[in-house]
Amino acid sequence: MVGTAVPSCAAETITAIKECSVKTRVCRLYGPKDLRIETDALVPPGPGEVMIRVMRGGICGSDLHYYLNGGFGSIRVREPIIMGHEFAGCVEALGSEVSHLSVGDRVGVSPSQSCGACQYCMAGLLQHCLDMHFIGSAFFVPHEQGGFRERMTLKARQCFKGGDRTDYSALACAEPLAVCLHAARQAGDVQGKRVLVNGAGPIGALCVAVARYHGAEEIVVIDLFEKTLGVALQMGADSSINLNMASSPSELARYRENKGYFDLVFECSAAQAAIENVVTLVRPQGTISQVGVTGDLNIPLHLLVSKELQWAGSQRFNEEYAEAVTLLSRGSIDIKPIVTDVFPMDAVHEALDRATDRSRAVKVHLSF
């Protein structure tokens with residue numbers, strides 16, 4: 001039955017799943033805005049696997065693209081998929097050959113599933129794996145099913161233990177935080193730098209937190225909404241500029257003087273106008289860390305060349321996921337300001353609608 005209590009003992013839990021057909025509810029997408037809460041049978045953990053009770057899941061931009069448009073770019077939802085790749089939970093059962101986790105552990109789940117055997121994995125560049133699978137992704141068929149469900153069985157190596165009292169909302173933010181930690185690593189030394197964060201969505205707000213953690217001298221954030229800018233200030237920005245305000249041209253003008261002001265830009269919007277703007281604001285031989293992703297854009301190469309800029313792409317993360325869990329568990333980075341809304345699983349449609357409204361929300365979580 002839905003809601004059946006699962007025993008805390010790992011062996012008893014696995015037996016209960018096998019003998020009693022324990023069920024779990026899932027959020028399954030069939031097409032644009034066709035999201036249904038359904039019930040699936042649980043699969044007991046096998047060797048090297050664990051079963052977790054999912055506690056929190058964050059709605060990402062890719063989830064919104066799946067929900068609203070049935071995909072993005074060439075990636076389309078071609079069969080029913082359980083969304084969600086930002087989630088955390090509690091270990092409820094262990095398969096054999098699992099030694100680094102115990103029943104009751106609070107864990108963040110890395111959605112990356114690298115093959116471990118290709119040339120890039122062998123070189124330690126797991127984020128460039130030639131056969132990368134990703135939880136909650138429609139890239140492959142069959143699709144990789146995600147974490148928006150009450151319980152899930154998955155590989156134990158994807159689970160990273162947090163502190164005994166680490167909030168599940170914090171652990172559910174480990175994935176986007178890892179993205180920002182990797183972007184900072186790609187950008188080089190942040191300490192003492194004057195930093196611009198362009199775009200104050202969840203990734204932008206976390207880039208602010210990462211820049212502050214790494215000792216940036218000054219952090220300015222740019223966006224279109226007062227709500228998101230206010231959150232970015234709470235995450236550690238020194239000042240903000242709302243591009244919708246009449247005063248924004250004069251505020252930006254002073255940062256353009258003498259060929260630019262900022263040593264480092266975290267570009268989180270991937271908008272054409274934003275790209276054209278930030279290259280005028282970064283100083284000669286400064287760095288742009290490109291975190292936002294979109295389709296083809298026109299790049300102002302004359303400024304890239306004449307100012308000798310470094311433009312560093314940033315692809316997901318690798319060892320930064322473990323680092324993110326550690327920082328969140330220690331309280332070194334506080335994500336509470338960015339989690340603006342929490343909805344129960346039964347209100348998933350309302351949660352997705354709220355997540356599309358950047359004037360009201362930054363990061364929206366589902367509670368399971």
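**Rings, charges and cysteines**

Tutor: The structure holds 8 aromatic pairs, a pair being two rings of Phe, Tyr or Trp (its six-membered ring) with centres within 6.5 Å, called stacked if the planes are under 30 degrees apart, edge-to-face if over 60 and tilted otherwise. One of them joins Tyr-255 and Tyr-261, whose ring centres lie 5.1 Å apart with the planes at 55°, so this pair is tilted. Tyr-261 also pairs with Phe-262, where the centres are 5.1 Å apart and the planes stand at 90°, so that pair is edge-to-face. This is a predicted model, in which local features need pLDDT of at least 70 and side-chain atom pairs count only at pLDDT 80 or more, while totals for chains, interfaces and linings use all residues. Residues are numbered from 1 along each chain as its sequence is written, and side-chain values use heavy atoms, with hydrogens and water left out.

Tyr-255 is buried, with a relative accessible area of 3%, and Phe-262 is buried at 1%, whereas Tyr-261, which has a ring pair with each of them, counts as partly exposed at 23%. Elsewhere, ring pairs link Phe-160, Phe-317 and Tyr-321 into a cluster.

Rings also meet charges here, a charge sitting over a ring if NZ of Lys or CZ of Arg is within 6 Å of the ring centre and within 35 degrees of the ring normal. The charged end of Arg-316 sits over the ring of Phe-134, 4.1 Å from its centre, and that of Arg-36 sits over the ring of Tyr-30 at 3.8 Å from the centre. Arg-36 has a second contact, a salt bridge with Asp-34 (2.9 Å, N to O), and both partners are partly exposed, Arg-36 at 37% relative accessibility and Asp-34 at 27%.

In total there are 17 salt bridges, each a side-chain nitrogen of Lys or Arg within 4 Å of a carboxyl oxygen of Asp or Glu. Among them is the bridge between Glu-319 and Arg-185 (3.0 Å, N to O). Glu-319 lies in the loop between strand S18 (310-313) and helix H11 (320-330) and Arg-185 in helix H5 (residues 174-187), so the pair ties together parts that are 134 residues apart in sequence; helices (H or I, at least four residues) and strands (E, at least two) are DSSP runs numbered from the N terminus. Arg-185 also bridges to Glu-323, with the closest N and O atoms 3.4 Å apart, and this pair links Glu-323 in helix H11 to Arg-185 in helix H5 across 138 residues. Salt bridges with shared partners join Arg-185, Glu-319, Glu-320 and Glu-323 into one network.

Turning to the cysteines, the structure holds 0 disulfides, a disulfide being a pair of cysteine sulfur atoms within 2.5 Å. For Cys-90 the nearest cysteine sulfur, that of Cys-159, is 11 Å away; for Cys-121 the nearest is that of Cys-129, at 3.7 Å. Cys-90 is buried, with a relative accessible area of 17%, and Cys-121 counts as buried at 8%.

Terms used
Buried means under 20% relative accessible area, exposed over 50%, partly exposed in between (1.4 Å probe, protein chains only).
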